[in-house]
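Open the model in your viewer and keep the selection panel at hand. The stops below each name something to select and then say what is there.

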Number of protein chains: 2
Amino acid sequence: MAWNFAAGPARLPDAVLLRAREELFTRGDDGACQSERPFSSPPFRSLRQHAGQQLAELLGLPAGYRILFLAGGAMQQFSLLPMNLARPGQPAGYVQTGYWARRAMQEGAVHRPVRALAASDCGMLLDVPNDLAYCHITTNETADGLAWPNLPETGTVPLVADVTSDFLTAPLAVDRFGLLYASAQKNIGVAGLTVVIVREDLLERSPQTLPALFSYRRLAEADSCINTPPMLALQLAAMVFDWIAGQGGLPAMAASNRRKAALVYQAIDASGGFYRTRVAADWRSPVNVCCQLPDTALTERFVVEAETVGLHYLRGHPQIGGIRASLYNAMPAAGASALAAFMGDFARRYG
Amino acid sequence: MAWNFAAGPARLPDAVLLRAREELFTRGDDGACQSERPFSSPPFRSLRQHAGQQLAELLGLPAGYRILFLAGGAMQQFSLLPMNLARPGQPAGYVQTGYWARRAMQEGAVHRPVRALAASDCGMLLDVPNDLAYCHITTNETADGLAWPNLPETGTVPLVADVTSDFLTAPLAVDRFGLLYASAQKNIGVAGLTVVIVREDLLERSPQTLPALFSYRRLAEADSCINTPPMLALQLAAMVFDWIAGQGGLPAMAASNRRKAALVYQAIDASGGFYRTRVAADWRSPVNVCCQLPDTALTERFVVEAETVGLHYLRGHPQIGGIRASLYNAMPAAGASALAAFMGDFARRYG
């Protein structure tokens, strides 16, 4: 058995792979499969509507929010956020929790003044100036292995979040956000698609002068179809949404993810300091378990030996080092168990 | 038998559909299929390199050009072109041949001054001022059914082209262009991927201040991988490139496309004016055959009756009306024959 612990692109549910093989490239009576049809055709409209409804149901989407299915990755939103939500010269706040929050702030700074905001150990924001266009957080830091224990209060300033790596892994209080975004290749499907959920009143902020494809307002007005959307990626996303619903929805995902992460964190905590995590207990990510080994030679040996027993893509992010196990929705408990057992064995042999 | 004449998303080669079903969602020894792997993994690097090499060979790519595989559609390039290639305030020239050329110019005007350039009946440009950042053409107008008979001379001003709908349908003199771009859903694969081919000296024009994902220079420096590229769409593109190579490359595609288009244009020309095309003979598109019927009621009847005999997605672009048959690489001659026969029959019955 081989297990793929990649942080994203990441494992898809087995049932979705099976369904994809059967359905994606099978033509209908019109001589076309979904990816071969005009995006204005009734079958594709149905697919898009189904994907949106299924996602809204999974999230319990409150009234007054719009779901956008956009081409490309989350990184494009690093630019679209300030272009749409902040006036020229208006500052935006960013909380610097780790690698991806820094990337978001760096790109944000290309467009608007940015302010670094400080968070307390328990995830409270110490000061949110009222003049900020928005306050940006990264709910789960894929590279650093940490997650906000609670959503911070931001008063009248809209909370904006990159939720890429924990989207759909647990229930989410969408009504706490002004906007959230997630690229697909972790828990939604394959790379090339990004989901944006935006509170409708914020759409009015998009300047009239923005290019159509960069304007949340115009993308929402066109129901994400200013041009052909990434149809194949959206079709796969709909299959993933169906799969999550069939598994019991987001509460079931959260319970399963907690159990898997606990197995691996137990292996860390039981290692007597052989595996070390820099993340405070409250901030441990439930989906990206990161830790350091005593030295880089042992880290390298761990990665290589793990591969020989079928545990793949465990190398940490290049900027962070160590090892990282991503345990998103599609990873079965058996994968987490196999990893935890190997970690215990490895620590006994080299600790 | 059902035939799909959609203008894009469009029919994929049968052999590619078969291969996609077998390969795309089958996991390897690492427990992952290509879409589940890190984009930095050796298997995905190999795929990207293979796709680039295969495409370069098909085109006979000259030295000094770079191929970029970007997320999203061609429309995003409508903005990236002026953002990268024109200095603030520097005008760019656009030739207004039809619907898509107008869209490109409209979006270009959001960023820079634009100048409409006039072309002669034989496709010569009457005047290309030296101060233009570039001269933009749409080599094949998908909605209008026309194609440039020859590439225009633009002197020292780089020729930039939207080649979305005729890319890979015939040999292309890449060395005549400063930059060309094509979204994938007509002749490359599925929506969500755009190929950009750029002359290296033009990369130096990208301003330092551009966001990374909007900068051709930075995208080229990162070999299109600033973030995760649309891997599944790229994998399909590689399959299409392999298929074209196996069919005999671009000369074989061109010969086959000419024969298919001739069948349908003959049906138009033999109809005694029942089908009318507004396009001059030299400018007829070899891949999107467009024509008008005597009235909209007959057009509607044509579309509905055609569907009953398995000929689908023949309605013209909403802005143009009439009917349109797209006969890209993946359409077999049998499809064009079936359409031509139906057109003849329909004209006899209603003409």
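## A helix across the sheet of chain A

Begin with H4(A), which lies across S3, S4, S5 and strand S8 (159-162) of chain A and runs at about 160° to S3(A). What you are looking at is a predicted model.

Now select the strands themselves. In chain A, 7 strands form an open sheet with mixed pairing, in the order S2-S10-S9-S8-S5-S3-S4. Which strands stand at the edges of the sheet in chain A? They are strand S2 (65-71) and strand S4 (114-117) of chain A; each has a single partner strand, so one side of each is left without a neighbour in the sheet. From one strand to the next, the twist averages 20°.

For a look at one pairing inside this sheet, select residues 92-95 and 135-138 of chain A. These are strand S3 and strand S5 of chain A, which run parallel and are joined by 2 bridges. Opposite A:Gly93 stands A:Cys135 in S5(A).

## Two loops in chain A

Next, go to A:Pro9, in the loop between S1 and H1 of chain A. The peptide bond that leads from A:Gly8 to A:Pro9 is cis, with omega near -5°.

Then move to A:Asp223, in the loop between helix H6 (216-221) and H7 of chain A. A:Asp223 is not a glycine, yet its phi is positive, at about 55°.

## Domains of chain A

Colour chain A by domain. The domain assignment gives domain 1 as 3-11 + 248-350 and domain 2 as 14-246. How far apart do the C-alpha centres of domain 1 and domain 2 of chain A lie? The distance is 27 Å.

## Between the two chains

Show both chains together. A rotation of 180° with 0.0 Å of shift along its axis superposes chain A on chain B, with an RMSD of 0.0 Å. That is the relation of a two-fold axis.

Select the residues where the chains touch: 49 residues of chain A are in contact with 49 residues of chain B. On the side of chain A that touches chain B, the elements giving two or more residues are strand S1 (3-4), helix H1 (14-23), helix H3 (75-85), helix H4 (99-111) and helix H7 (231-247) of chain A. The residues of that side of chain A divide into 28 nonpolar, 14 polar and 7 charged. Of the interface residues of chain A, 100% are also interface residues in chain B, so the copies meet through the same surface.

## Over to chain B

Which residues meet in the contact of H7(B) with H8(B)? B:Ile244, B:Ala245 and B:Gln247 in H7(B) meet B:Gly249, B:Ala252 and B:Met253 in H8(B). The residues of this contact of H7(B) with H8(B) divide into 4 nonpolar, 2 polar and no charged.

Move on to the sheet of chain B, an open one in which 7 strands follow the order S2-S10-S9-S8-S5-S3-S4 with mixed pairing. On average, neighbouring strands of this sheet are turned by 20° against each other, direction ignored. Within the sheet, select strand S5 (residues 135-138) and strand S8 (residues 159-162) of chain B: the two run parallel and 4 bridges join them. B:Ile137 has B:Ala161 in S8(B) as its bridge partner.

Finish at B:Pro9, in the loop between strand S1 (3-4) and helix H1 (14-23) of chain B. B:Gly8 and B:Pro9 are joined by a cis peptide bond, with omega about -5°.

Notes:
Residues numbered from 1 in each chain as written. Chains lettered and ligands numbered in written order. Predicted model: local features only at pLDDT ≥ 70, side-chain atom pairs only at ≥ 80, totals over all residues. Pairing = 2+ DSSP bridges. Axes fitted to C-alpha atoms, helices over the stretch in contact; angles between N-to-C directions. Least-squares fit on C-alpha atoms with pLDDT ≥ 70 in both. Contact = placed C-beta atoms within 7 Å. Nonpolar A, V, L, I, M, F, W, Y, C, P; charged D, E, K, R; others polar. Domains from an automatic or database assignment.
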